[in-house]
Amino acid sequence: MTIKSFNPPIRTLMGPGPSDVHPRILEALSRPTIGHLDPIFVGMMEEVKSLLQYAFQTENQLTIPVSAPGSAGMETCFVNLIEAGDQVVVCQNGAFGGRMKENVERSGGIPIMVEDAWGKTIDLNKVEDALKANPAAKILAFVHAETSTGVSADAKSLCELARKYDCLTIVDAVTSLGGTELRVDEWGIDAIYSGTQKCLSCIPGISPVSFSERAVERIKSRTSKVQSWFLDLNLVMGYWGASSKRAYHHTAPVNPLYALHESLVMLQNEGLENAWQRHAMNHEVLKAGVEAMNMEFLVDAAYRLPQLNTVCVPDGIDEAAVRQRLLSQYNLEIGAGLGTLAGKVWRIGLMGFSSKLENITLCVNALELTLKDLGHDFTTGAASEAMLQTLKSQERA
Ligand SMILES: *Cc1c(COP(=O)(O)O)cnc(C)c1O
């Protein structure tokens, strides 16, 4: 049998990532491949670094895209900053905090867990108690935007606590970068990693990271080698460093970096704060529609992520059947619940280019038709009315 070319369907992506990729970014991806040491490409790499500094709001010199997905950015932070026996306080209130623990253990460190329920935010008092009780701890690690639950962490206060107890911070910003307020320098974050396929609306497979001077000092003064050759920043710095004699380390993903460059140019054009505001306003519109259909959000408004909406599945509704129908009839992808939330919630992403009114109206209308047919009780048309009121209050109607 001859296998034919692969042609994916055109979907609307409103799950936990990837989000819709802007056509400008797909077009950038298809530009001619050039050598990764070509001076023209090196010039573009320098622009990517400075655009990332803008996105992260940092002047950190070591601000680069790791050539692999968000999980590799996570691993880059842990393997470089941890040496055998180091104690690391890890906050866990969802799936990704659990992966941090796994990373600490595999890097030879000792995780000290601070746990909160899935759907609740990180309790600062518990974190302070753990830091007090473990004065030898060297690092505080937490997830800024927990994509498994839709919960945001108070990153600014957590970083203040870390400073007070002389710890470096490792922050997961895979879902927050470009979507909600994030200020690396002002908040004093030491090591941060993100992903390209969430609020940057770029293709999956690259992980922007940034390290403070204090973190770089820690990495340079390690007494043991970083266990991963590929992710060892002491080696990667020679490739992404400012020096003109850039040394071959690995072959950067040339075309994906064109795509990242384009997505960051678009973010710069929109303005970071405007992007944060767009995510916040669009969440309000979706919320109005969802609540008008007699459904509730899992997460308290005070720490709810606008880019990842966790909606409780109404009683008696088969959540998988709804997702299946949205996908097959409307080409619309929304996410399922993870872990303890499996079967109980949907995760509706409004990330990056996906955070726009045409996606929201598609999603709310498709949910309205599907849920009505499956027997959920609500007033048809109430969602449109509620969304209109919200748009009017935002002066967008
Ligand atoms: C998506 C995600 C990751 C992992 O990123 P990949 O690109 O899938 O490896 C890590 N942390 C959070 C919070 C995420 O949402």
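Reader: Why is arginine 24 called partly exposed?

Author: Arginine 24 has a relative accessible area of 34%. Buried means under 20%, exposed over 50%, and partly exposed in between, with a 1.4 Å probe and protein chains only. So 34% makes arginine 24 partly exposed. A word on the source: this is a predicted model, where local features need pLDDT of at least 70, side-chain atom pairs count only at pLDDT 80 or more, and totals for chains, interfaces and linings use all residues. Residues are numbered from 1 along each chain as its sequence is written, and side-chain values use heavy atoms, with hydrogens and water left out.

Reader: What makes arginine 24 and glutamate 262 a salt bridge?

Author: Their side chains meet at 2.8 Å, N to O. A salt bridge needs a side-chain nitrogen of Lys or Arg within 4 Å of a carboxyl oxygen of Asp or Glu, so the pair qualifies. The two residues are 238 residues apart, arginine 24 in helix α1 and glutamate 262 in helix α10. Helices are DSSP runs of H or I with at least four residues, and strands are runs of E with at least two, numbered from the N terminus.

Reader: Is glutamate 262 buried or exposed?

Author: Glutamate 262 has 11% relative accessibility, so it counts as buried.

Reader: Why is aspartate 373 called exposed?

Author: Its relative accessibility is 53%, so aspartate 373 counts as exposed. Its side chain meets that of arginine 325 in a salt bridge at 2.7 Å, N to O. Aspartate 373 lies in helix α13 and arginine 325 in helix α12, so the pair ties together parts 48 residues apart in sequence.

Reader: How far apart in helix α11 are lysine 287 and glutamate 291?

Author: They are four residues apart, which means about one helical turn. Their side chains meet in a salt bridge at 3.7 Å, N to O.

Reader: What makes β5 and β8 a pair?

Author: Two strands pair if DSSP finds at least two bridges between them. β5 and β8 have five, in the parallel sense. Phenylalanine 142 has valine 171 in β8 as its bridge partner.

Reader: How many residues of β5 are buried?

Author: Five of its five residues are buried. Ile139, Ala141 and Val143 lie on one side, Leu140 and Phe142 on the other.

Reader: Which polar side-chain atom lies 2.7 Å from a nitrogen atom of the ligand?

Author: One of aspartate 172. A polar contact is a pair of N or O atoms within 3.5 Å; within protein, one must be able to donate a hydrogen and the other to accept it, and residues adjacent in sequence count only if both atoms are side-chain atoms. So 2.7 Å passes the distance limit.
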